Structures are given as structure tokens and as C-alpha cells.
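Here's a quick briefing to read alongside the model. Have the sequence and the 3D view open as you go.

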Amino acid sequence: MICLLTLPPVPLELKSPLSFRTRAQQQHSHPFSQTLRSHTVPHKTLTGGGTATTTVANVALSEHNDLNAAEEGEPLPAELNEELMPNHVAVIMDGNGRWAKQRGLPTSAGHQAGSRSLRELVEICCKWGIRVLTVFAFSYDNWIRPKVEVDFLMNLFEREIKSQMQKFVSEGIRISVIGDSSKLPQSLQKLISDAEEKTKDNSRFQLIVAASYSGKYDIVQACKSLACKVKDGVIQLEDISESLVEQELETNCTEYPYPDLLIRTSGELRVSNFLLWQLAYTEFFFVKELWPDFGKAEFVEALISFQQRQRRYGARLS
Amino acid sequence: MKVFLGDLVLIQGSIMKKDDRSRINCIFENFVTFLRKCTFCVLSVGPIPEHIAYIMDGNRRYAKKQNLIEGTGHRVGFLALMSMLKYCYEMGVRYVTIYAFSIDNFKRRPEEVQSLMDLMQEKIEGLMEEESIVNRYGVRVHFLGNLKLLSEPVRLAAERAMVATANNSKAVLSICVAYNSTNEIVHAVEKACEEKWEEISLLNASGSGYGLIGLECIEKDEGENLIKLIDIEKHMYVSVAPDPDILIRTSGETRLSNFLLWQSAYCYLYSTPVLWPEIGFRHLLWAILNFQRNHFYLEKKRKQL
């Protein structure tokens, strides 16, 4: 689903640096969970030839072990290792238009089908203990699309928020929206603001919807905030560092700002101005299926691939 | 005597054989180059990328696979790099950027870091030689990154190379060393803030600052005037080249590893399972064909909007 999300300006209290994990913390253990474990897991080489055992380090562990799948009544598939599940998954939901065209349907039907895929994915992520799901619903670059399509997506998103609101509240799902909200319709901006407010204390799972979002815009607005702080004497120019920039990015609304895994559907091999800074060490998984056809099986395949990767962050594994 | 003469004949025979062999090699090489240029002609019916970026991954794994001593993988990798540069410049690709050494790589064992630095220094000096690829193809070399983190001999060699090739204008080779995209962005943000701050101070000093200094810039509107995207972009290390059209990563990993995060926003990402020292012409050809296919699809989509 390419939802158009127009966001109201994020309230200041949400923009202030919350206690969130810096990249270093996300890479290593959290105080409440076990320290990094080395695992020996069967590792299929990406060329498809044979298997070899390898040691996997730098695993992002879930701090809430009580949220394991068994308790939710949906066990993890046998191929997946619970300890190697990503904390934060990002998805570029591409292919609704093509899906509809293949079936001789209008584009709106494709977006409708896409929204069903998203609902299913949110449910699976909740059950399998993934903490954050960020979806690229609408890029800042997508505003050039036909007005009919854009308006349809606005309405679709409004309808979806209204219909899912009860579920978010009852299942402890927090919804956050990032991007330039000023271009969204007023009614949608208000709805989003209310939804964020109502769910801000939910901590089981966070759904971040990137709407009217641009990775470059995110960095520029962080830079503007820092420039203002320098001008106001809050910080010195020399204090500007990676962690200060991290705190000003729009992903400061979550404890896990860096996706471990990025999935893009429809076969396109590019990031298209999605989270740029945040994707520095993210594992990419490109899928040929169109977004409305992306389901549990495809997600499991992406997770299996993710769990076989060696994440070295520039160092060497001995 | 006969034996001696026989030896001379034998030696003469083997020298002649050697001459023949090198002649044959030369002819073969020229023929292969000719075939390659024909392939480029065919390829150029479609769009040729202006800028290709490489993440040269897999040198160590290659050495292990071939049972070579540590460090040899990187040497073979360097030869692969020279070949790839040759193919790119023959094809008409004007800009090539390579991820030679990340700031994160300093975390490796000191012996490995030192041997890589030594190799880099040796190869940088090699680049300055007459018959090297940079002079043959008129390549201007840039070393991009936080060069202050490099040891002095390497940094000086890099600076000498940049000066020596400053007048070359046919192509550009950007070598990212002690580089990290987030570090680059922070550096650009810092420079942009510094520049704006100086600008405002100057304007205020001359009485035409529009009172910007006195205002609290919490409001988004005032922030709008402060920093723009272009202010940050011009301070990026990699601003010597346009954004890459293709980013090729070898060894099968599909991640950016903090390389060109900003510049690869719309870039075609191509991951190939081949290890860097094993990369060859056919891999580049395949990457370009895929790029061209995708390019046509995107153009079609753009026309529909």
C-alpha cells in the first residue's frame, strides 16, 4: 500500500531527544537482556552452493523475552531462530499500481489490496516479537502522482486509521508518523495527531508510517534544528556529532531508530530516498513480488535470509 | 663444442619461443580489447552510466579460498580494480568511486590495518608513474574522507597524488579512504552551520541581518531560511562527482555499510556474489545491462505521470 500520509508538525515534546538507542547500543546488548551470544548456525552461502557453519555475532536481541511467539499462540516457523529476530524491520511497499494493472483493475484496487498486506504484516510482527515496523507509505517525491490517486490514498489512510484505532489501543501498538506533514489534508493531520497522542504510551509494538517523507529532508531538518541550537547557544559548533544528528532525526520517536532489515517489493533495487542515515548498516532484501502479494511466506524468506547474514559493521569476525 | 653450440641453439630457440609467446599474447590481448570495444559500442545504444561506485568486498575471503597468505587477497583485489577502471573508462564512464577503507575498518587488528595502509601507500605511489592508468586515461584522482585519521606517509602520498593529477580532466577517480557516510554528513552539517553563522554575523555587522541573530528560531518558517539541502550537499566530500547511477557491491552482501548513504538515494543497487578479486568484464557487463533495463522501465513510468 502506498498510503499518503500527511503529518502534522510533530509536537516539540516528541521531537526532544527521548531515551533511545544509539547505533552502538542497538548493535550490542541491552542491560535487560543477555549479552551478545555467538551462535553456530547453518549458513547457506548466497551463491546457493552448499552450507557451512559460521559464527553469527552482533545479534539484536529482544529485551522483552516475555513477548515470545509461543505466548501469543503463533509459534515462529521452524526455520526461524527466535534469538536472531530483527528488532526493527523497514518496508518499502512498492507495486500496488502494477498489481492492479496486471488484473485490469484501477490503481485504487491495488492500494486497497496493499493495505490488507500491511495489516497482515503488522499482525505477524506483533506476534513474532519484532519491536518496530517502519513502512514507506508515501514519499515526498510521490506528490507528483495524479491527484485522483493522491486523494484516494489520503482517504484510504484516514479510513484505515479510524478502523484500526481500536486494535492499536487494545493490542498496545504505538503509531507514529514521520515526514513533512504540512502537505497533508487538515483532517488527516488532526486524525494522525490524535492517534499518536492516544497510543503514545503503548510499548508492545511500534508502527512508524513514513508519509510525505524524504530521507534527505529528514537530515536537512535535523541540520536546521542543530543550526538553531548553535545560534541560540544551546550547543557549540564543535559539539555537532553523529549522536547529536541521530537525536534530531525524525526516527527519534522510537527506541530502535535503525532498521536491522529493509525489505523492498516489486523487484526495484533502490532505496528511493527512504531512511538514508538510518540505513547505514541495514541488511537489504529485495523481493520480486508486488506488495499486495507479499505475505507471511515471503516475510519468512526475508527473515531466513536476514538470520544467515554476518553483520560485521566494518570490523572482522575472528 | 657441439654441446655448447647445441646449448646456444637451445637457448636461442627458447628466446625465440619466448618472443613468439609474447607476440601471441599481445595479439590475443589486442583482439580481446577489440571485442570489448565492440561490446561497448553495442551497449552504448542504451544509456551508459555516468558514475559507478564500487564496494570492493571479499578480498580476505578470496585469500582464504585460494589458500593464500593474508594480505595477498588485497593485492589481487588491486589488480582487479585496475582492470575494472580500464573497462569503465573505455566504456565512457566518467566518474568512478571506490570504498577503499572505512572509518569502521580501523577497528580491525592493528597488523591488518597497517598492512592495508602500507599497500595503499605503495599503490598510490604506483598510480603516479608514467604508464599508470591515471595518466593513460587522463584521470583526476581525489581522496575523500577524514584524511586526518590516516598516518602521515599515506596522507602525504594521497595529497601528492591529488596535486599531480589536478590537471587531468577526462575522468575522475574518487577513492574513499577513512570515509564513512555518517561522518561525511556530520562534517557537511557542521560546515553548513558554520557558513550560515558567519553569513549571519557578517550581515548583522553590516546592519542588514534582518535581525536574524536576535530572533529565536523555533518556528519552522525562520528555520527554512537558515539551512537548505543545497547548503549541506555542497560540503559533502563526494560533491566532486554527481550522484552514482549504479552502486556495485561484491561478495554477495546486500547492505551499504555506511557508504554514500546520501548520494545513493535513487541509485541502482547491484549486489553480485562474486568476490572482489574475481570480478571481471562479464560482471560489469551484466550490471550495466540490468541498469539499462531498469532505466527504460523508470523512464516509461515517468512519462506516464
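A residue counts as buried under 20% relative accessible area, as exposed over 50%, and as partly exposed in between (1.4 Å probe, protein chains only). This is a predicted model, so local features need pLDDT of at least 70 and side-chain atom pairs count only at pLDDT 80 or more, while totals for chains, interfaces and linings use all residues. Residues are numbered from 1 along each chain as its sequence is written, chains are lettered from A and ligands numbered from 1 in the order in which they are written, and side-chain values use heavy atoms, with hydrogens and water left out.

**Chain A at a glance**

- Chain A has 10 helices and eight strands; helices (H or I, at least four residues) and strands (E, at least two) are DSSP runs, numbered from the N terminus.
- Of its 318 residues, 60% count as buried.
- Take the contacts in chain A with a separation of 6 or more: residues 24 or more positions apart make up 79% of them. Contact here means heavy atoms within 4.5 Å.

**Strand E7 of chain A and its partners**

- Strand E7 of chain A covers residues 261-264; Leu261(A) and Ile263(A) point one way, Leu262(A) and Arg264(A) the other, and all are buried.
- With strand E3 (residues 88-92) of chain A, E7(A) runs parallel, joined by four bridges. Two strands pair if DSSP finds at least two bridges between them.
- Val89(A) has Leu261(A) as its bridge partner in E7(A).
- E7(A) also pairs with strand E8 (residues 283-286) of chain A, again in the parallel sense and over four bridges.
- There, Ile263(A) stands opposite Phe285(A) in E8(A).

**Salt bridges**

- Over all chains the count comes to 38 salt bridges. The rule asks for a side-chain nitrogen of Lys or Arg within 4 Å of a carboxyl oxygen of Asp or Glu.
- Asp260(A) and Arg311(A) form one of them, at 3.2 Å from N to O. Asp260(A) sits in the loop between helix H9 (242-248) and E7 of chain A, and Arg311(A) in the segment after helix H10 (296-307) of chain A, so the pair ties together parts that are 51 residues apart in sequence.
- Asp260(A) and Arg311(A) are both buried.
- Glu268(A) and Arg270(A) also meet in a salt bridge, at 3.2 Å from N to O. Glu268(A) is buried at a relative accessible area of 4%, and Arg270(A) is buried at 9%.
- Over in chain B, Glu111(B) forms a salt bridge with Arg109(B), with the closest N and O atoms 3.1 Å apart. Arg109(B) counts as partly exposed, at 39% relative accessibility.
- One network of salt bridges that share partners takes in residues of both chains, including Asp260(A), Glu283(A), Arg311(A), Asp57(B), Arg61(B) and Arg255(B).

**Where chain B meets chain A**

- The contact takes 57 residues from chain B and 51 residues from chain A.
- Together the two chains bury about 4,800 Å², 59% of it on carbon and sulfur atoms. Buried area is the accessible area (1.4 Å probe) that two parts lose on being put together, summed over both.
- Three salt bridges run between chain B and chain A. Asp243(B) and Lys216(A) meet in a salt bridge through their side chains, at 3.9 Å from N to O.
- Among the elements giving two or more residues to the side of chain B that touches chain A are helix H2 (59-65), helix H7 (181-205) and helix H10 (281-304) of chain B. H7(B) gives the largest share, 10 residues.

**Two loop residues in chain B**

- Thr250(B) lies in the loop between strand E5 (246-249) and E6 of chain B, and is buried at 0% relative accessibility.
- The Thr250(B) side chain reaches the backbone oxygen of Asp57(B) at 2.7 Å.
- Ser151(B) lies in the loop between strand E3 (139-144) and helix H6 (152-164) of chain B, and is partly exposed at 35% relative accessibility.

Terms used:
A polar contact is a pair of N or O atoms within 3.5 Å; within protein, one must be able to donate a hydrogen and the other to accept it, and residues adjacent in sequence count only if both atoms are side-chain atoms.
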